[in-house]
Amino acid sequence: MYRKKGKFTGEGIIPYSGEGSTVTIEGAAVCTQTGCAYTGNEAVAYAAKQCNVDVVSAYPITPQTIIVERFSEYVANGEVDTKFLAVESEHSAMSACVGASLGGARVFTSTASQGLALMHEVLYLASGLRCPIVMAVANRALSAPINIHGDQSDVMGSRDCGWIQLFAENVQESYDLTIQAFKIAEDKGVQLPVSVNLDGFTVSHATESMKACADEDVHKFLPPRESFFKVDPTTPISVGGMALPEYYYEFKRQQEEALQLSKPFVNRVGKEYGKMTGRRYGYLRTYGLEDADAAVISLGSTCGNVRSVARTLRAKGKKVGAIKLWMYRPFPREELLSAIKDLKALAVMDRAISFGAPQGALCSDIAATLLNTGSDIKILNMIYGLGGRDIPPSTINTMFTDTLRAAKTGKVKERIKYLDVRE
Amino acid sequence: MVVLKDLTKEELYAPGHRLCAGCGPSISIRMALKAARGPIAAVNATGCVEVSTTIFPYTAWRIPWIHALFENAAAVASGLEYAYDALEKRGARKGKVDIIAIGGDGGTFDIGIQALSGMLERGHDIVYLCYDNEAYMNTGIQRSSATPRGAATTTTPAGRVIPGKREWKKDFAGICAAHGISYVATASIGFFSDYMDKMKKAIEVDGPAVIHVLAPCPLGWRSNPADTIKLAKVAVQTGLFPIYEIIDGKYKMSMKPGTLLPIEEYFKLQGRFSHLLKPELKDELEAIKKGAEANYKRILGLAGEPVTTQ
């Protein structure tokens, strides 16, 4: 009944070559790009503008608000044709996105924290009804106590909602992944919502230099949405009806199949985007894994700090490496296994607590990935940075020391460690 | 004015669905769709109508139809309206589609009122149709803010100490009208011609319009399925459910006020009010009569009619 997955090729694992932060593809026709300085939020808004979104429906919440503000300016100044819907809650924001997406429109929204939590039930609806909505999430802590700063508690709470979830390390990646997200979501072979996550404040509010494509290149890369099915009087279909026990399970099984099968599209789009811009994307990015004994895996902005510390340590002859996950859902199991196969120890960084669970969410996923593979890689779980707590290089350095010790001794002193917390 | 012989024979709401015999909401939907002027799309909140008309792989809807969640029909409809506009703007579709959002009283008066308020405030060209059977019937007859005072529901049972629901029905039409929209109407399936006229007017309005239609539920009201239309009429004739329009803020009674029928005529047809006819609860019955009369007079006053119930 279900399609067989393609043979594992190892594609989508993009190593950092040398010290550079970009991957240039040989023979690629790289488009003309303009250097500019944007915050993460502005970069996302600019990308959405270039993607000719039909409908934007959003509600303000820190630290995402600037995305909505910038986009409102584009609308107010007539720079886009987008219909902008300033709704009365995030619940309605995502609901309107679902309505617009089912009507055949290209749809974008953005949120964070409590907003994402308020959308929770609608997130399942968006994926269950196969709506290719793109949403930026400026990751932020969850109440209580209230805290507006960055961590990944919000997105981890929605990891089972059936969305493709991508993580950006910096402003450039926020821009790049937003453009790619539309192409992935709207592909006939995917038809699923995609979220682009950027760390609250660290990326959302930090101004960095980046390269932006010309409008016409983005338009060529991403033609207007052609919907596979739509709610329209020309095709009077009923969407979202009731499926009782004799059908519901099949719907959900097929949805899982769809999400798993969306994986190669993420890589394909990453490759195509790489051809256009010179910045190749995939599932994950590795640094120093060719000879590393110990490595650290993380999501989002922390990846840059981890790589920087790893670089210093490698210069001192330490065999360390780093892994950045661009795609968290669907989880790139095979690629990750292949990337870490020669490691002796791996520290997994979780910027959220999965209350009452044996480990953080990412660590649980990695433990599950290693299950029954015969691997004896030592896994250390590092919880960090909740509510915007800074993660200085010295802490990352200590983490590498712990991981190297585990690699050497084969023993893990602390199964789960809460970094830089008073206790 | 809609007359029977002019009604379209086209059934956009197909027979064969699984709603109860004598279901008022079902009748309200069939009538509403017969009032359509052209291409129409519906967004339906969770509720009896939704669960019973689209049990996979069947559907009773011959129009494009979306069910999303319980509280978000107005928001989903808002998005759909903008999608049609945006696609038309970039030349990807053509032609006006009338959008109706449909919700029961629970999905409208209670959990969905925020999304509805947003839709009305933003001025979407959507008709919001609330079919009011005066409780959460789909989950087993729990009270909503549309349940009238005195009614027994499973969360306001007629107990030894508390005789059914204590609170009055929410002034839903007033709340909608307070958004400054140009058309709000209350209606009853007991007066089909009036109801369908109002539906047609609501569709004609350029901007949001709200129809609040009384649709008896034999199961929840504990009434004879054959009495559904009768009940829908008597509710109006007793003054318990006045039918009127609010056009650009101006109230207009839909029926000339005459002598009201005694409330007992309505209550005796329904199990949910039967306890109120017991002699020991005559004070409560009296309080309900007074409250209903005051409400009726309030609306007469707003409509500029002589304030009398005699």
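Trainee: What share of the contacts in chain A with a separation of 6 or more comes from residues 24 or more positions apart?

Mentor: Bear in mind that this is a predicted model. Two residues count as in contact if their C-beta atoms lie within 7 Å, and in chain A residues 24 or more positions apart account for 81% of the contacts with a separation of 6 or more. Chain A has 13 helices and 17 strands, and 55% of its 423 residues count as buried.

Trainee: How does the radius of gyration of chain A stand beside that of a compact globule?

Mentor: For 423 residues a compact globule would have a radius of gyration near 22 Å, and chain A, with 21 Å, agrees with this. Along the principal axes, the C-alpha atoms of chain A fill a box of roughly 70 × 55 × 50 Å.

Trainee: Turning to one helix, which residues of α11(B) are buried, and which are exposed?

Mentor: A residue is buried if 20 or more other C-beta atoms lie within 10 Å of its own, and exposed if 12 or fewer do. In α11(B), which covers residues 282–302 of chain B, the buried residues are B:L285, B:I288, B:A292, B:Y296, B:I299 and B:L300. Seen down the helix axis, these buried residues fall within an arc of 110°, so they line one face of α11(B). On the other side of α11(B), B:D283, B:E286, B:K290, B:A294 and B:G301 are exposed.

Trainee: What do the buried residues of α11(B) pack against?

Mentor: They pack against β7 (244–247), β8 (250–253) and α10 (263–267) of chain B.

Note on methods: Residues numbered from 1 in each chain as written. Chains lettered and ligands numbered in written order. Predicted model: local features only at pLDDT ≥ 70, side-chain atom pairs only at ≥ 80, totals over all residues. Helix = DSSP H or I, 4+ residues; strand = E, 2+ residues; numbered from the N terminus. Expected span 1.5 Å × (residues − 1). Arc of directions from axis to C-beta. Rg over C-alpha atoms; globule rule 2.2 N^0.38 Å.
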